[in-house]
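User: Hello! Could you walk me through this model, one question at a time?

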Amino acid sequence: MKTSVTVLSLVLLIGACVANAQQGKRTIKSGVFTAAQAKSGESAYQTNCASCHGSDLHATDAEAPDLTESIFQFGWKGKTVAEVLEQIRSAMPLDQPRSLDDQTYLDILVFIFQFNGAPSGNQKLEPNLPALREIVVEPPK
């Protein structure tokens, strides 16, 4: 009996620690980028992404995913901004992955967040991977 109480206490303690760690992370809903950064990202998006993903983020290419609400629900939800950034950098543009600088990739991602309803804030989001690992992607709406 004493062992099961000890094990239960340990499980509860670990669960509380995990919950506290997740609560400490910000989400894209907490204003983690500026409106100017999203505007810059929109320009870069239209130049580098719109031919496949559509100027309105609704894919024009049958193989390209829409970058609207469904991408958050089925692809990015629960990932960190760092994880999504790496996913995009390593695959896009399809014909030249990693051809843009990190800030441009991040600005494009910020534009996608804002287009889908994430609010802007007062501080530009920088391509600092440790900091980006602390921001979780959640559906903005």
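This is a predicted model: local features need pLDDT of at least 70, side-chain atom pairs count only at pLDDT 80 or more; totals for chains, interfaces and linings use all residues.

User: Which helix has the lowest mean pLDDT?

Analyst: pLDDT is the predictor's confidence in each residue, from 0 to 100, and its mean over the protein is 86. Helices here are DSSP runs (H or I, at least four residues), numbered from the N terminus. Helix α2 (residues 35-48) has the highest mean among the elements, 98, while the lowest, 42, belongs to helix α1.

User: How many contacts does the stretch of residues 3-22 have beyond near neighbours in sequence?

Analyst: The pLDDT is below 50 over these residues. Counting a contact as heavy atoms within 4.5 Å, the number in the model beyond near neighbours in sequence is 0.

User: How many aromatic pairs does a search of the whole structure find?

Analyst: Rings of Phe, Tyr and Trp (its six-membered ring) pair if their centres lie within 6.5 Å; planes under 30 degrees apart count as stacked, over 60 as edge-to-face and the rest as tilted. One of the pairs is F72 with F113, tilted, at 6.1 Å centre to centre and 45° between the planes. W76 and F113 form another, edge-to-face, at 6.3 Å and 85°. The search finds 5 aromatic pairs.

User: Which helices does the pair of W76 and F113 tie together?

Analyst: The two residues are 37 apart in sequence.

User: Why do the buried residues of α4 line one face of the helix?

Analyst: The buried residues in α4 are I71, F72 and W76. Seen down the helix axis, they line one face because they fall within an arc (of the directions from the axis to the C-beta atoms) of 100°.

User: Which elements are included in what covers the buried residues of α4?

Analyst: Here the cover comes from elsewhere in the chain. It includes α5 (81-91) and α6.

Terms used:
Residues are numbered from 1 along each chain as its sequence is written. Side-chain values use heavy atoms; hydrogens and water are left out. Buried means under 20% relative accessible area, exposed over 50%, partly exposed in between (1.4 Å probe, protein chains only).
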